[in-house]
Amino acid sequence: MGTDLSQIRNIGIAAHIDAGKTTVTERILFYTGKNYKLGEVHEGTATMDFLQEEQERGITIQSAATTCPWTKDGVEYKINLIDTPGHVDFTIEVERSLRVLDGAVAVFDGKEGVEAQSETVWRQADRYKVPRLCFINKMDKLGADFEFSFRSIRKRLGANPIAVQYPIGFGNELEGIIDLLGMRAYYFDSDSQGAVVTEKDIPAHLAEKAAEWRHELVEKAAELDDNLMERYLEDESTITIDDIKKALRKGTIALQCNPVFCGSALKNIGVQRLLDGVIDYLPNPTQVPEVQGTNPRDKEQKLSRKHSNTEPFSALVFKVVSDTHGDLTYVRVYSGVLKKGTRLLNPVNGKREIASRIFEMHAKERVPLDEVGAGNIVAVVGIKDSITGDTLCDSDHPIVLERMDFPEPVISMSIEPNTADDKRKLSEALVTIRREDPSFRSEYNEETGQTIISGMGELHLEIIKNKLVRDMKVGVQVGQPRVSYREAIAGPATGCRGTFKKQTGGRGQFGDCTINIEPYTKEQAEADGLKFNDNVAFVNEVVGGAIPKEFIPSIEYGIRMTAKSGVSAGYPLIDIKVTLTDGKYHEVDSSQVAFEQAGRLALIEAVHKARSILLEPIMKVVILTPEDYFGNVTGDLASRRGMILEQEDRSGIKVITAEVPLSEMFGYTTVLRGLSQGRASNSMEFAKYAPMPMNLQKEVIAASAS
């Protein structure tokens, strides 16, 4: 608790799959003394990959948090570290981690440079304004090229990379790194697993190269600071190492540059210097903007909290993990102090919570705490009714912190319990998984008796199925994965009427409303100041009391529920604006239920009049293939309705970026292996929704009706 806020760093490790994030994290744990043995991903012994699925597959599935110490210049710093997944199916884990972090280390493969998922992670960090360092890893890999990878950061990410290191050798000849600030060479002793570092003069054959990169470093640093630029123009030699560090720190925190480090985590080269860089260049909690929020009693009133222990308590829930000893709720404390046993308010749902126990986490290990101050990331036990994105705060000083946006699922499959007992367990298990994973959805279909689960990709659904069967012991049968389509309208329609009349002897039911409908986007809604819940905007323009005010919410509810379940093929209707213009009511027979039904009928008529179109998820696919198989791969993409966006040559490898409908991509990895004799690889992420060809729309609608 006593740690000075200036001595805390909240950082994440993020990158494309297989760039070496978890290996970097394992080395950090080893060198900070948190682990006494190196964990290896390929052996299934990585501390941060503690789930059985992670160890079997050699990938990270869920983000894992830990806290470790690092001493620099005689000062001990506290690093709260989150290791995130690289696979696009688990992009929600990266999203919610970046929301609560003050800085990040973006890891790149020294041979591949910036890859597809690297761009996604970078955009997420841009969205949350997270300062970043770059670590070009795997410099020991055959074909590694520091200068190519460095250029790809500038070219593909539009970033301003500034190299502070240069490797001594590449591939098998990697020996160490050159520090371009101090112009010294560092070698990492393999017998001590890199723990013993020797400082030497720069090798003669690299002196000229190092001088070139050093000159560029000083020039780039000078561009970040006007005073430094004046001195640079007068006499470059007067600029000290401290001057450069201050300029780089200022530029990094202001999102104007990204210092670039290099090395090989697997070969234990360069990780300690990267940790020094985290301290030197990434912000402490007091150097990021005050956290913003709103007053729950008055949504228009903006509030903020300083990162200080003396401010009222506020924290954001960014992850919930179910546990046999009580759910672990991961929170980032932004302001104030949280003591064990404190009663808190969740201003989002109005519920009271108790933080019965507080833990500092080290992957799955827990260290109990009595209290925790601002700027820290901890797990709390005792929180019952709060989910990812919710705020916890002092009851006397409520604030709602800005929520996170979660991506919509693009793929679904049916799941049916084997027995009545499994049916009961399944509904409980799905609620638990939904609390843990906001990108997961499930719904029960009354007509078919099936439960439909939806997620971000085939791997995502497979992991969830395995979790249900293996971890939660629920017996289920699963169907084939299927695409989550969306419905939209081709144009506007006006004067669409819905009339609901029912006479059953005695009091009847009557509701009548008229609506206009038009295509509408989230951006338009924001510009017009309208709410756009579930991609539908609703506007009431009824005048003269044609419909009593108490029935308007019922019409809106009927419209929204109908849009949610879809009109033509059972898929959600999105991107529309509905304007209620007129209607009629009956003094005796009108009711909320009648107007709800009138709203439903009006929307159905409006969609038919405006012409319904089906939208399908389009995936951005990046394929790396040897040139010999280029024709096979592009021909196959064309047969899948794929559109090639760009091609790039990269040392004997063709990099193809294409957009392909998700419906055409099931099992693609296996097909690609066959086309290339196992030598091509691919990555895939959701890009957008786009209209389907009419003949395929008819097939989907016919299939959903049968």
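**Exercise 1. Describe how helix α8 packs against helix α9, and which residues make the contact.**

Step 1: Locate the pair. Helix α8 covers residues 241-253 and helix α9 covers residues 271-281; helices are DSSP runs of H or I with at least four residues, strands are runs of E with at least two, and both are numbered from the N terminus.

Step 2: Take the geometry. The two helices pack at an angle of about 75°, with axes 9 Å apart. Axes are lines fitted to C-alpha atoms, for helices over the stretch in contact, and angles run from 0 to 180 degrees between N-to-C directions.

Step 3: Classify the angle. α8 is therefore roughly perpendicular to α9 (under 35 degrees is roughly parallel, over 145 roughly antiparallel, 65 to 115 roughly perpendicular, the rest oblique).

Step 4: List the contact (heavy atoms within 4.5 Å). α8 brings Lys-245, Leu-248, Arg-249, Thr-252 and Ile-253, while α9 brings Ile-279, Asp-280 and Tyr-281. These residues divide into four nonpolar, one polar and three charged (Ala, Val, Leu, Ile, Met, Phe, Trp, Tyr, Cys and Pro count as nonpolar, Asp, Glu, Lys and Arg as charged, and the others, Gly among them, as polar).

A word on the source: this is a predicted model, in which local features need pLDDT of at least 70 and side-chain atom pairs count only at pLDDT 80 or more, while totals for chains, interfaces and linings use all residues. Residues are numbered from 1 along each chain as its sequence is written, and side-chain values use heavy atoms, leaving out hydrogens and water.

**Exercise 2. Now treat α6 and α7 likewise.**

Step 1: α6 (residues 207-223) and α7 (residues 226-234) pack at about 135°, their axes 7 Å apart. The two helices are therefore oblique to each other.

Step 2: From α6, His-215, Val-218, Glu-219, Ala-221, Ala-222 and Glu-223 meet Leu-228, Met-229 and Tyr-232 of α7. The contact of α6 with α7 holds six nonpolar, one polar and two charged residues.

Step 3: Look at burial in α6. Its buried residues (under 20% relative accessible area, 1.4 Å probe, protein chains only) include Trp-213, Arg-214, Leu-217 and Lys-220. The buried residues pack against α5, β6, β7, β8, α7 and α8.

**Exercise 3. Work out the strand order of the open sheet and its edges.**

Step 1: Four antiparallel strands run in the order β7-β8-β9-β10 (two strands pair if DSSP finds at least two bridges between them).

Step 2: β7 (165-168) and β10 (197-200) each have a single partner strand, so one side of each lacks a neighbour in the sheet.

Step 3: β7 pairs with β8 (residues 176-179) over four bridges, and Gln-165 has Asp-179 of β8 as its bridge partner.

Definitions and conventions
Buried means under 20% relative accessible area, exposed over 50%, partly exposed in between (1.4 Å probe, protein chains only).
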